[in-house]
Amino acid sequence: MEPETQQDDRDHPEIEKRGTPASSGIAIGRAYILDRRRLSIPKTQIDDDDVDEEIARLARALKTSDRQLSRIKEKIQAREESEHYNIIAAHQLILHDEHLVDEAIRRIREDHINAEWALRQTVEHIKGVFDAIEEEYFRERRSDVEFVGERVLRNLLGRDAPVKPPPDAIVVAHDLSPADTAQLFRAAVAGLATDAGGKTSHTAITARAHEIPSVVGLEDLSSVVGNGDLLVVDGAAGVVIINPTPDTVAIYRERARAEAARGAALLENRDLPAVTTDGVHVEIFANVDHADEIASARSHGAVGIGLYRTEYMFMVGTDIPTEEEHYEHARDVLARLDGHPATFRTFDLGADKISRLLPDHHPEQNPALGLRSMRLALSEPIRPLLKEQVRGLLRASAHGPLRIMFPMISGVGELGEARALLDEAAAELASEGIPYDTGIHVGVMVEMPSAAVIADVLAPKVDFFSIGTNDLIQYTLAVDRGNEYVAYAYEPLHPALIRLIAHVTEAAATAGIPVGVCGEAAGDPLIAPVLLGLGVRELSMNAVAIPEVKSHVRAAKMADLTALGERVKTLTTTADIREAVKETLAR
Ligand code: PEP
Ligand code: MG
């Protein structure tokens with residue numbers, strides 16, 4: 001449906017805002033402001049279809065509240081404050097009280113209202129009953145119920161509250177989580193524009209995977225745009241135009257048509273191999289977050305999955321995936337790939353990828369440097385979940401070419417722990433007589449500078465390397481990948497990165513293992529040639545980036561790229577490296 005663009009917005013001047021390009025494409029539509037920071041209680045009538053999900057959300061919030069109270073209780077117990085302990089214990093009982101829980105569920109089911117509203121009404125009702133009783137004791141119980149209700153509400157209003165913008169809206173927000181972005185795709189929004197975020201933030205990556213034109217890092221956009229304002233989002237240029245004139249809209253409509261035609265032309269190379277003019281084969285894989293994206297990966301010409309981000313299974317579902325679910329899921333992925341390989345990365349949670357299903361850990365000052373990824377997965381009480389996942393993946397390996405990859409490995413110790421867990425899982429399966437691929441390839445992501453520096457030590461211990469440039473750049477240059485204020489300093493072609501990548505490819509060559517890149521740099525037509533020149537032979541990227549990168553590979557001569565790789569290793573500034581790349585590409 002075309003958005004209504006003829007309505008008179010001329011009282012307001014056209015304003016152009018520049019941010020960071022996150023996902024290319026042009027979107028024209030009305031703004032839908034999504035404010036995740038507001039804590040007022042939404043009151044929504046829901047459809048029959050949404051009843052179960054609302055009840056599940058309530059159950060999750062109750063469970064989270066229960067865990068939080070248990071943790072508080074443990075601390076109090078350590079301090080031997082028995083009176084306070086009893087109060088918290090009483091609060092926990094209220095969480096399970098049928099007058100609260102069953103009544104809230106009844107309201108969701110019968111009154112068709114969202115969980116927050118149902119909970120608020122139930123708490124008000126219980127408070128009213130206590131109010132009618134004179135005794136002091138019951139008045140105190142009234143505030144206990146209120147206290148517990150507030151806690152559950154806060155958990156309900158967390159980042160997983162569903163968002164439902166109208167289709168074709170352009171969602172404007174201060175920030176979005178990767179889980180929000182995946183949900184917005186399902187709501188068929190036309191575009192996204194956020195104040196926060198950088199090009200390789202997970203939100204931007206998810207937007208690209210779902211082909212939603214997006215601009216991030218717009219700093220104050222959400223306070224300038226009003227709900228319903230007409231907007232143009234030019235994802236490739238990183239531009240958002242507020243209240244465009246009819247002439248501007250016409251120009252962008254024409255550009256959108258031209259872009260679509262160019263995309264269709266590029267897709268014609270879909271079934272051709274990614275081989276350079278001097279006959280060197282490059283494997284082009286896709287990065288996916290969800291099995292539904294595999295069709296798009298294949299239709300864009302991917303020869304397999306180079307990075308399957310399994311953590312999304314912990315971010316969008318209602319329960320922690322079991323071994324059986326990991327197994328079924330991976331089998332389904334292999335079936336959809338029809339014999340092409342899939343590289344499953346074990347879950348990489350923490351920092352901006354938050355799972356509300358895992359027990360909360362203490363708030364961290366610096367989550368990107370905190371308990372995340374492999375450290376989190378190997379810590380208690382999370383470790384058994386990693387074991388379940390690995391068992392599920394190993395079992396699926398009996399059904400097709402499946403590789404397992406560990407994220408954010410810092411060094412030999414962590415790799416040893418992860419491998420020990422995998423060996424333990426494999427030994428269990430063997431003793432249970434359950435088949436799995438005994439020659440399964442197990443690799444690591446090289447995305448911490450420490451791993452890159454000791455790549456020569458790690459290489460003989462693994463079957464493959466996959467360089468995660470998104471994090472490798474972040475940690476090498478100390479630039480938060482999601483921070484709009486330092487986005488200018490996020491430089492994939494910094495000489496430090498060139499040297500690290502060169503060291504990793506050399507270490508891989510010496511050990512005789514393949515090395516790929518699965519960070520966003522692999523899908524950047526300006527950077528991919530440098531990666532190839534440095535010895536990388538596998539590139540894994542967002543599906544939409546494949547046709548263009550493939551056309552560059554097919555037009556290039558590997559001997560020239562190798563010469564480029566040798567040259568950039570000697571250069572000392574990013575500017576000089578960029579210049580050298582442009583010269584080679586121009587030739
Ligand atoms: C990376 O860090 O480059 C990577 C591919 O992993 P993610 O983007 O999921 O952190
Ligand atoms: Mg990473």
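Q: Which relative accessible area makes a residue count as buried?
A: Buried means under 20% relative accessible area. In this predicted model, Arg-151 of helix H5 (residues 136-156) has 14% relative accessibility and therefore counts as buried.

Q: With which residues is Arg-151 in contact, leaving aside its neighbours within four places in sequence?
A: Once those neighbours are set aside, Arg-151 is in contact with Ser-65, Gln-68, Leu-69 and Ile-72.

Q: How many residues of helix H7 are buried?
A: Helix H7 (residues 202-209) is mostly covered, with 8 of its 8 residues buried, among them His-202, Thr-206 and Arg-208. After H7 comes Glu-211, which has a positive phi near 55°.

Q: How are two packed helices described?
A: Two packed helices are described by the angle between their axes and by the distance between those axes. Here helix H13 (residues 383-396) packs against helix H14 (residues 412-432) at an angle of about 55°, their axes lying 9 Å apart, which makes H13 oblique to H14. The crossing in which H13 passes H14 is right-handed, and the residues of this contact divide into 8 nonpolar, no polar and 8 charged.

Q: Which protein donors does the magnesium ion (ligand 2) have?
A: The protein donors are Glu-447 (OE) and Asp-471 (OD), which lie 2.0 to 2.1 Å from the magnesium ion. This pair links distant parts of the chain, 24 residues apart, with Glu-447 in the loop between strand E13 (441-446) and helix H15 (449-453) and Asp-471 in helix H17 (residues 469-477).

Q: Are Glu-447 and Asp-471 buried or exposed?
A: Both Glu-447 and Asp-471 are buried.

Conventions. Residues numbered from 1 in each chain as written. Chains lettered and ligands numbered in written order. Predicted model: local features only at pLDDT ≥ 70, side-chain atom pairs only at ≥ 80, totals over all residues. Heavy atoms only, no water. Donors = N, O, S within 2.8 Å, 3.2 Å for Na, K, Ca; no water. Helix = DSSP H or I, 4+ residues; strand = E, 2+ residues; numbered from the N terminus. Buried < 20%, exposed > 50% of the residue type's maximum accessible area, 1.4 Å probe, protein only. Contact = heavy atoms within 4.5 Å. Axes fitted to C-alpha atoms, helices over the stretch in contact; angles between N-to-C directions. Parallel < 35°, antiparallel > 145°, perpendicular 65-115°, else oblique. Left-handed = near helix turned anticlockwise from the far one by under 90°. Nonpolar A, V, L, I, M, F, W, Y, C, P; charged D, E, K, R; others polar.
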